[in-house]
Amino acid sequence: YNLATKDPFFRKFKPWAFQTREEQYEICLQKHLYINKKCKELNLTEPVDKFFYTEAAAPHENSPIGLHTVMFIPTIEKQGTEEQKKRWLPLAESLKMIGTYAQTEMGHGTFIRGLETTATYDPRTREFILNSPTITSMKYWPGNLGKTTNHCLVMAQLYTQGKNCGIHMFMVQIRDLETHMPLAGIEVGDIGPKFGYGTNDNGFLRLSNVRIPRENMLMRYSKVLEDGTYVKPPNAKIAYGSMVLVRAAIVTDAARALAQACVISIRYSAVRRQTEVSPGGEEAQIIDYQTQQYRLFPLLATSYAMYFAGRFMYDFYLKTTAEIEGGNLDSMPQLHAISAGLKAFSSWMCSAGVETCRLCCGGHGYSHASGLPKIYIDVVPGCTYEGENNVMMLQVARFLMKMYGKLQNGEALPTFMQYMSTDLNKKSCMTEEVALNCLVMAYEHRAARMIRDAAASMEKLVQSGKSPVEAWNGSTVMLTWAAIAHCHAFVTKLFVETVVKSRMDSKVQSALTSLCKLYAVHGIVENLGGFIQDQFFDSKQVKILQKKLMQLLAEIRPNAVAFVDAFDYPDEVLQSCLGRYDGQVYQALYDYAKSSPMNEKEVLDSYYKYIKPAQNGKYQQYSKL
């Protein structure tokens with residue numbers, strides 16, 4: 001952090017909130033090119049070191065060369081042949097070749113098999129001909145595509161020898177390396193302002209009979225021979241590895257966004273005083289109001305839970321991809337299911353949580369001075385990109401239904417799915433102690449029941465004469481419920497195991513145990529219907545949980561500020577007047593207001609152009625607008 005925050009280069013730019021969209025893009029481009037240069041000079045090679053340096057230098061300012069780093073280069077590394085890697089990686093690493101990952105189209109996003117862009121092989125010239133045959137087939141939304149990149153990896157339907165061989169990736173040069181002008185047959189540009197992401201030139205791309213060499217198809221796993229013969233990959237989903245990597249990263253990014261929002265809102269809640277508790281008495285810190293605690297403390301617990309989930313997801317990705325590299329594809333279905341589920345679950349929970357944190361800051365939370373709008377518009381797109389969340393949950397549901405089928409056939413299940421065999425007649429072990437194992441049991445019971453209910457729904461529809469496809473569509477709400485319940489159980493169990501198995505100071509472990517219990521108990525109380533539908537909890541146990549929830553809020557209150565301080569985010573990363581470490585909130589708000597560009601002149605030109613004439617009854621100037 002200090003390497004970045006103390007570098008005068010990053011201090012010379014005006015505040016992000018006061019920049020135009022074009023300035024946001026241009027300034028962020030300068031920053032990230034400088035970051036790229038400094039990482040090499042400082043020999044920062046570990047991904048985690050690069051991440052922290054970048055976060056401190058440009059917090060929540062998405063890089064105009066970000067997709068080049070996190071998708072373009074990794075895809076070449078994972079999907080390219082040795083010859084392709086030797087040819088492209090040196091160019092990419094030196095930024096002579098700047099690329100992105102062009103998958104999403106105007107008419108298709110998450111449904112990858114429905115993409116319309118075509119790549120037709122011509123055996124006479126040994127080239128692929130790429131086309132955008134319809135308006136909906138143009139690539140639309142890929143980051144960095146609009147104005148920054150000169151190459152992109154294009155996802156397209158491969159046609160060879162008159163057959164459609166499905167989706168494959170192709171390296172396409174889109175701009176001249178010297179002039180940066182679009183090449184023949186290429187129409188490319190920026191898609192315009194968005195809800196946030198002003199630093200990023202998300203773009204569109206239309207291809208008209210663009211010819212590329214046969215060698216520009218990424219051919220590590222699938223191939224097209226010179227005569228047009230197609231060689232299948234060992235697994236059709238093996239080409240989606242880059243998306244899984246980004247999904248794994250989204251979990252951690254979402255957790256960090258919520259954590260930063262919690263730092264701001266909880267610190268501010270400890271500073272802000274509002275309404276006297278007793279007539280004539282001192283105004284209370286708003287963090288001492290139980291309603292404020294009820295909104296914020298479960299989010300604090302969620303940020304920790306999601307952080308542990310993100311760490312697990314990244315480690316699991318590295319482990320599984322290493323196995324895939326070695327030819328073992330057994331864990332691939334689990335990787336896809338876990339990454340899809342945690343991506344959706346974390347981005348939903350954390351984006352909603354950031355908004356709640358903003359609301360907990362009252363009117364000041366609406367100002368960019370709080371730092372919260374910047375965090376929110378950075379995290380919320382994660383609900384859509386790299387897979388729309390409802391679709392992601394249905395992918396998880398397909399995996400769950402396959403696991404349920406295996407259970408019915410007496411086959412072995414992966415370790416994290418073995419809870420599905422639980423006896424649904426078994427009731428909760430919950431007592432006044434509210435033991436962690438009983439909380440995990442509750443979540444797994446709910447998930448197992450919902451999975452069985454969804455499977456039973458589909459089976460009943462099939463028996464009534466519906467086709468399997470119709471039965472699936474008629475059960476997707478229940479399937480989504482089951483997938484969410486599964487993810488909730490997975491995250492809860494992971495949180496519990498992390499706290500129980502970790503080696504730490506006993507006082508720290510006790511505090512974290514309270515936070516873990518709050519996450520689990522709050523989740524049950526907020527979703528009570530799913531836990532009592534089959535009388536798993538009785539009314540006495542529900543009252544125990546409700547009482548425990550209020551006790552946990554009181555337990556966490558003395559440590560709440562310490563919990564957020566433990567994230568160790570410097571003020572330069574938070575960029576928040578409300579979340580300042582020194583608590584000088586009001587002076588910071590005053591200084592921020594005075595720095596507004598609109599205050600550079602005491603009287604704006606608009607006063608003389610419009611207000612003054614209107615006061616004198618003269619309105620003719622309006623006709624010049």
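Helices here are DSSP runs of H or I with at least four residues, and strands are runs of E with at least two, numbered from the N terminus. With that convention, His60 is found in the loop between α3 (47–57) and α4 (66–79).

The model is predicted, so local features need pLDDT of at least 70 and side-chain atom pairs count only at pLDDT 80 or more, while totals for chains, interfaces and linings use all residues. Residues are numbered from 1 along each chain as its sequence is written, and side-chain values use heavy atoms, with hydrogens and water left out.

Most residues other than glycine have a negative phi. Asp568 sits in the loop between α17 (560–565) and α18 (571–574).

The table lists relative accessible areas, where buried means under 20%, exposed means over 50% and partly exposed lies in between (1.4 Å probe, protein chains only).

| Residue | Relative accessible area | Class |
|---|---|---|
| His60 | 19% | buried |
| Asp568 | 55% | exposed |
| Met401 | 14% | buried |

Met401 belongs to helix α10 (residues 389–408). When its neighbours within four places in sequence are left aside, Met401 is in contact (heavy atoms within 4.5 Å) with Ile451, Ala454, Ala455, Met458, Trp472 and Leu479. One of these residues, Ala454, is 53 residues from Met401 in sequence, and the two are 8.5 Å apart in space, C-alpha to C-alpha.
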